[in-house]
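Please examine the sequence and the structure before reading on.

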Amino acid sequence: MRNDYLFTSESVSEGHPDKVSDQISDSIVDLFLSKDPEARIACETLTTTQLVVLAGEIRCKGVYEDGAWAPGAQAEIEATVRNTVKEIGYEQDGFHWEKFEFINRLHGQSAHIAQGVDAGSNKDEGAGDQGIMFGYATDETPDLMPATLYYSHKILERMAADRHSGAAPFLEPDAKSQVTLRYEGSVPVAATAVVVSTQHAKGYDEGEKEAALHAYVKRVIADVIPAALLRETEYHINPTGSFEIGGPDGDAGLTGRKIIVDTYGGAAPHGGGAFSGKDPTKVDRSAAYITRYLAKNIVAAGLATRCTIQLAYAIGVSKPLSLYVDTHETGKFGDDVIEKAIMGIAKLGGLTPRAIRTHLGLNKPIYRKSAAYGHFGRTPEGDFFPWEKTDLVDDLKAALG
């Protein structure tokens with residue numbers, strides 16, 4: 001690997017149209033899991049000018065059974081969707097939580113998929129789909145995330161907090177950020193470029209108001225990125241000029257279109273499967289969480305400074321097809337030794353879908369919070385973000401002797 005290079009990651013805010021769709025989809029996952037922890041959900045969301053459409057397949061006791069909705073269920077779904085959009089902050093002419101048209105096209109899960117996933121008298125619960133999933137960790141930041149993505153997320157989180165609190169009333173929900181860092185010896189030493197594009201109130205694209213907006217964004221950047229990295233920085237703030245029309249009114253949003261923002265900002269491979277809108281029997285989600293958990297614990301244990309892990313599954317089959325560990329020549333043990341150690345930890349249950357869900361406690365309504373500002377590098381609190389815990393460190397050390 002090169003020791004001296006530039007690397008860039010981007011993030012998008014909770015008001016970005018694709019993230020609006022992700023949050024709606026995960027609010028539906030949370031709603032159904034709150035009713036039935038064994039619910040099956042595959043919910044896709046389309047957002048555009050004054051329109052939200054749900055599509056996908058579900059199975060949920062007390063909500064949707066035998067091809068029919070329970071009384072009041074559809075009204076509760078609509079209320080959940082509208083409340084999600086309200087909490088994000090959309091009260092605009094082109095997209096308003098109270099005024100958009102809502103279409104629900106969710107329907108029952110395929111019986112042919114269900115027969116492969118469900119446990120039976122002669123088989124364990126199988127994976128909800130085939131696929132490959134990756135996890136990653138690096139010691140670049142306290143959260144063991146790539147620094148470029150870490151700072152990109154933090155900039156937008158701070159701006160959203162100021163918008164919600166009223167400290168920055170000129171901000172609107174839609175925004176994007178991008179951070180380029182120069183690395184020397186694989187260590188970030190300078191932020192060479194920072195890009196922030198934010199939707200704004202009328203008039204903040206010229207004169208004193210534009211200058212005030214630019215000054216505000218630079219203050220946020222200075223609060224987020226260490227001063228030592230900002231010595232040679234080129235700033236691009238709303239480089240296209242006006243950004244009044246945004247969100248689903250400016251660009252249609254779809255669930256699952258920000259998978260690199262959701263994961264590692266391009267610093268690690270991605271298997272291609274999105275997370276939001278899926279219950280945890282879908283290994284796109286649960287196996288991606290367990291691979292992050294394993295990689296993070298390996299780095300947290302001091303066994304490596306960087307770690308990439310891959311898992312692969314076949315639909316309807318419980319046992320993973322493969323486990324691959326790459327510590328990028330930073331490991332204290334051979335990668336094959338670490339692989340064997342992981343598979344030998346009893347509490348991980350051989351990394352079957354059921355074992356992953358059980359160990360991490362994934363059959364709970366915990367997903368809406370994950371649908372903006374990244375699924376990884378978050379602070380575990382209560383039931384939320386259990387894949388970010390470092391409670392496997394001692395087990396790994398013991399397994400490796």
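The model is predicted. One of its sheets is open and has 4 strands in the order β6-β3-β2-β11, with mixed pairing. Strands β6 (101-108) and β11 (253-254) stand at the edges, and each has a single partner strand, so one side of each is left without a neighbour in the sheet. Strand β2 (residues 40-48) pairs with β11 in the antiparallel sense over 2 bridges. Within β11, L254 is the bridge partner of L46.

| Helix | Residues | Strands touched | Angle between directions |
|---|---|---|---|
| α1 | 17-35 | β2, β3 (51-59), β6 and β11 | about 150° with β2 |
| α2 | 73-88 | β3 and β6 | about 125° with β6 |

Helix α8 (residues 283-300) has 18 residues and reaches 24 Å from its first C-alpha to its last, which is close to the 26 Å expected at 1.5 Å a residue. Helix α8 is mostly covered, with 17 of its 18 residues buried. After α8 comes G302, whose phi is positive, near 75°.

The largest nonpolar core contains 74 residues, and F32, I342 and W387 have the most contacts inside it. Helix α8 gives the most to this core, with 10 residues. Leaving aside neighbours within four places in sequence, I342 is in contact with several residues, including L294, I298, L323 and L396. A second, separate core has 31 residues, among them Y151, Y216, V220 and I237.

Terms used. Residues are numbered from 1 along each chain as its sequence is written. This is a predicted model: local features need pLDDT of at least 70, side-chain atom pairs count only at pLDDT 80 or more; totals for chains, interfaces and linings use all residues. Side-chain values use heavy atoms; hydrogens and water are left out. Two strands pair if DSSP finds at least two bridges between them. Contact means heavy atoms within 4.5 Å. Axes are lines fitted to C-alpha atoms, for helices over the stretch in contact, and angles run from 0 to 180 degrees between N-to-C directions. The expected span of a helix is 1.5 Å times one less than its number of residues. Buried means under 20% relative accessible area, exposed over 50%, partly exposed in between (1.4 Å probe, protein chains only). A nonpolar core is a set of buried Ala, Val, Leu, Ile, Met, Phe, Trp, Tyr and Cys residues joined through side-chain atoms within 4.5 Å.
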